[in-house]
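Subject: Structure for you to look at

Hi,

Here is the structure I promised to pass on. Have a look at it first, and then read on for what turned up.

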Protein chains: 2
Amino acid sequence: MVHADASNFTADITKEEAYQQVLYQAEGLFYEQRNWVCNLSNTASLLWHCYKSLPAPSNAVNWAGFYTLDPSSSQKQQLILGPFQGKVACQTILFGRGVCGTAAATKQTQLVPDVEKFPGHIACDGDTKSEIVVPIIVDDKVVAIIDIDCTQEHGFDEVDKKYLQQLADFIAKSCDWP
Amino acid sequence: MVHADASNFTADITKEEAYQQVLYQAEGLFYEQRNWVCNLSNTASLLWHCYKSLPAPSNAVNWAGFYTLDPSSSQKQQLILGPFQGKVACQTILFGRGVCGTAAATKQTQLVPDVEKFPGHIACDGDTKSEIVVPIIVDDKVVAIIDIDCTQEHGFDEVDKKYLQQLADFIAKSCDWP
């Protein structure tokens, strides 16, 4: 199969079916490949094209990608920008700061229907109205997070949470982390 | 400045002006940040939005990103997928294979008006008709390549080559490479 075809989602599929395709394609793309940069780059592309194939609010996703544990941070733990699709983003985020930092610090998925109401929200893009962040955990340590932003409020629900957590678990075990 | 604004290019600017903005924004985004994954991720976004702001053929760019030297390759040198924007892509490319592998092996920019006529072209995406690949060289060694694909033939010219080579030089000296 031509690799780019993995990004093509059929019209009129449900969000559940689209996420199942993301998981299925990720499994194929990660086969015999554990390089985390390579795998996160392709997964960001899968997620982006998945959302763009769905009806609103999913097609209003304006950022899909990853932050990883910053290897250069000595004292305070922080996240550093990883592969993504969308507009330019903040380079680093301290654990505990904003939605991403809270997911990293608490090891808990953050499903945020209105980012303006989230204490300490970091506005990398003023257009972002809602967000979901899922930690990727290896041996009880956060190695990365999945971050998805949407220009509509209430852009994400329990279906997104369920499948992004499955994806996070798959990514966690399928890559070699620095 | 909100980070995402770096991806916003004014309408009606020339390709030269758009590339100058990419270089200017990259300089700002790389300030006090030498992490190569972070910097290549933001640069792929800058390039993507640069092309989308321009008239044809530039706005027909369908892939913009990077491959880097694969640290896991022991015998044969190969490239591995890095941060990008666009559809899912090939994970690894041997030095010497296709347009990317030729740029890596020869350390020379490959400006290819018609990929079908390039010996050994690797079709990651059948929609791609033309391509430009610029090596990123540190101490006479290829550490990465910039790869841009276009769905129109003759998508790139000497202006693209000039500015992408400037960008490659800037990236080479501004990141710590593995």
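What is the volume of the largest cavity? It comes to about 190 Å³. Please keep in mind that this is a predicted model.

**Cavities**

Searching the whole structure turns up two cavities of 30 Å³ or more. For the largest cavity, there are 19 lining residues, and those closest to its centre are B:Ile122, B:Cys124, B:Glu131, B:Asp147 and B:Asp149. In chain B, strand E1 (61–69), helix H3 (98–106) and strand E6 (141–150) each contribute at least two residues to the lining of the largest cavity. The largest share, three residues, is from H3(B). Sorted by class, the lining of the largest cavity holds 10 nonpolar, three polar and six charged residues.

The second largest cavity has a volume of about 160 Å³. Its lining has 17 residues, with A:Ile122, A:Cys124, A:Glu131, A:Asp147 and A:Asp149 closest to the centre. Here strand E1 (61–69), helix H3 (98–106) and strand E6 (141–150) of chain A each supply at least two lining residues, and H3(A) gives the most, with three residues. The lining of the second largest cavity divides into 10 nonpolar, three polar and four charged residues.

**Cysteines**

You will meet some of these residues again among the disulfides, of which there are two over all chains. One of them joins A:Cys90 to A:Cys124, with an S to S distance of 1.8 Å. This pair links distant parts of the chain, 34 residues apart: A:Cys90 sits in the loop between strand E2 (78–86) and strand E3 (92–94) of chain A, and A:Cys124 in the loop between strand E4 (110–112) and strand E5 (130–138) of chain A. A:Cys90 is buried at a relative accessible area of 7%, and A:Cys124 is buried at 15%.

In chain B, a disulfide is formed by B:Cys90 and B:Cys124, whose sulfur atoms are 1.9 Å apart. B:Cys90 lies in the loop between strand E2 (78–86) and strand E3 (92–94) of chain B, while B:Cys124 lies in the loop between strand E4 (110–112) and strand E5 (130–138) of chain B. Both B:Cys90 and B:Cys124 are buried.

A:Cys50 is buried, with a relative accessible area of 0%.

Conventions:
Residues are numbered from 1 along each chain as its sequence is written. Chains are lettered from A and ligands numbered from 1 in the order in which they are written. This is a predicted model: local features need pLDDT of at least 70, side-chain atom pairs count only at pLDDT 80 or more; totals for chains, interfaces and linings use all residues. Side-chain values use heavy atoms; hydrogens and water are left out. A disulfide is a pair of cysteine sulfur atoms within 2.5 Å. Helices (H or I, at least four residues) and strands (E, at least two) are DSSP runs, numbered from the N terminus. Buried means under 20% relative accessible area, exposed over 50%, partly exposed in between (1.4 Å probe, protein chains only). On a 1 Å grid over the protein atoms alone, a cavity is a set of points where a 1.4 Å probe fits but cannot get out, and a pocket is an open set with protein on both sides within 12 Å along at least five of seven lines; lining residues have an atom within 4 Å of a point. Grid points are joined across faces, edges and corners, and a volume is the space filled by probe spheres set on the points. Ala, Val, Leu, Ile, Met, Phe, Trp, Tyr, Cys and Pro count as nonpolar, Asp, Glu, Lys and Arg as charged, and the others, Gly among them, as polar.
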